Amino acid sequence: MRTTRRAFARAFTRTLCATAVLLASILAASCNNDYAVYQNVAKEQKQNGTAVFQETICTNAFRFGNNYYAATSKLYRSPIHSSTDTAASLISWALVPINCLGNLSSSYTLRAAVVVGGTIYTLTGDDSSSVALSFSTDGNSWTSIALPPTPRPLSTNVVSNNIHSSFTLDALYSAGGQLYAEGNLYDTSTGGAVGVSYYYLYHYNTSSGWNIVSNFSNIWSYPIRGVVYDGTNYWFASTNQLYSSTDPAGLVGDVSQSGNFWSLSSKTIWAISYTGGHLYVSTTDGNLYQDSGYPEQVDSSARPLTKVISVPFSSPSSIILVGTDTNNVNTAACGYYEGTFGSLDIGSSSQDVSSSAVYSTTVSVFPVENFFYDGNSTSGNLFVCIAPGYTSTSYYGLYEVTWNGTSWSNGWEAQ
Amino acid sequence: MKPFGAAAIAAALLFIPISALSAEDQQTLPAMSPVADAPADAVPSAAQSSPFLPGEQTIGLAVGLQIPTFAYFPSYATYNNLSNLYLGGSFSFSYQYFVERGLAIGGNIAGAFNYTIGGNTVFTAPLGFTTSYWWSAMPLEFSVLAEAGGYLSRYADDGMLGLFAKAGGGAYWRIAPSWSVGLQAYFWFVPELHVDPYTSLDALAGYVETSVGAVYHL
């Protein structure tokens, strides 16, 4: 009996040691001396977002009048508020009815919504047959406007009609007080059974209507990624090339092989942003180009970088945030990078606009679609639009954080 | 307020087996009988099993609740009541060897998790050496225990190593010659210490474990 007990004791001791070594090996490998567990726990905050953004992709947010607007598959608005406000009247988001296909309706599918000067423009529709454009100067009454004309199919097999093609609008862009739309001609007369999409950039002139931006012949094969205005030049980006022009309705040559964009021609452009006095071009392989800096490989996993925004900070006086997307290879969390161009850290490392604990449970997980900052260096509200998808009810499509002139509020607050 | 509340709960749980042992319960206890007359599954008398003599061994299993109580941040001289942590769970596996009558040394490996309000999880896995003292008032057995060792923790994809201490005790009912079951309560002291230049991140955290335990007497 005594022998049995000793044998058990030895076996138990060996098992205990083996378990301990295994556990230590697994967890010690990730021991992080510069990460504060309990200080971060103390900073966590419960996310009490509204149902309209739960598991919903938010594509952009903007301010119009005294309301914030957010675009998902619907357009929502809420009175201007900070991330620390708790009053129900401030933090509620209401569906905005839009006049589409002749009726003011809440049963629409929003494709895009942008603000151009004092006007909101919306693009709605489930398919090419139901696409509609509307505008409003007060957010309540809406007026339909004509769609751009269907372009002539590029295929020589299609002469005059649209038997072998369909045309729709994919997106709206606002830059320098100008409205742009991306047209998509799907041509089944070429490309075999799959067909081919051709892309057109339209400029809206309030008097003459829609016109295809000139000199487009080099870009029709590539989706358009955005239009921005830097105060002098309009910048147009397709996935393949970058153009600029002082004429809002004209393109002047490809600049994606010149200046600090010299190596851009070998990349695929994902997004274009003008913020903080600089033009940024994000690529699908994790590179970020700036008009006055050497290109930076921001994401070592070569994930796509999305939008860039400059926001106030204590020291230095401003930083940039750079959104990321998934490349379906590296399935790690997305989130954003933050810091200064040339010295960017993933959000959980530098913790500039959010505590690490809040970042890791909110924005870090999913692709960042867009940013919007409403304010100046002394106060303001920053929104981030993400794409949580139908993955977890714990995540929302829109988060907000507030700047008080000295620091950012504790962390992202779900809307 | 919260640490005191948790401690009160723990203390209450600790003494439930004693206070809940009504006269009616005691009447239902198996009769004590000499060794020679006892059936194999009878609860032994104090003379049979409770001396906790040198050479005896026990293994213990426990599952229970992990109650976060406080965190103290020395660099800021501030307390946090860890209200951002939800009530969690714990489990443990222990071995003890009696070196003197009633006095045992051994080892304990445990794990505890607490979800946070933000959707994270704090997981703590201590491993330590224990010293305990046992006594009995058959069919009840009692122990007080102190443990010192180290822990591994994981939170928001980051890990942490640190020193660990635990103290508390349990009250058990000897339900069979080789088995006792009961309730136990321990206070966990979990220091989170960083080396330069990150000492400002230091924290001293405390939890109360209240658990149901089973002890097997080898």
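**The sheet in chain A**

Author: Let's start with the sheet: four strands of chain A make an open sheet in the order 1-2-3-4, with antiparallel pairing. Strands here are DSSP runs of E with at least two residues, helices are runs of H or I with at least four, and both are numbered from the N terminus; two strands pair if DSSP finds at least two bridges between them. At the edges sit strand 1 (60–64) and strand 4 (94–95) of chain A, each pairing on one side only. Strand 4 of chain A is joined to strand 3 (residues 75–79) of chain A by two bridges, the two running antiparallel. Across from A:Leu95 in strand 4 of chain A you'll find A:Tyr76.

A quick note on the model: it's predicted, so local features need pLDDT of at least 70 and side-chain atom pairs count only at pLDDT 80 or more, while totals for chains, interfaces and linings use all residues. Residues count from 1 along each chain as its sequence is written, and chains are lettered from A and ligands numbered from 1 in the order in which they are written.

Now the partner. Chain B has three helices and nine strands, running α-α-α-β-β-β-β-β-β-β-β-β from the N terminus. Where the chains meet, 37 residues of chain B are in contact with 33 residues of chain A (C-beta atoms, placed from the backbone, within 7 Å). Several strands of chain B each supply at least two residues to that side, including strand 5 (121–137) and strand 7 (158–176).

Methods:
Two residues are in contact if their C-beta atoms, placed from the backbone, lie within 7 Å.
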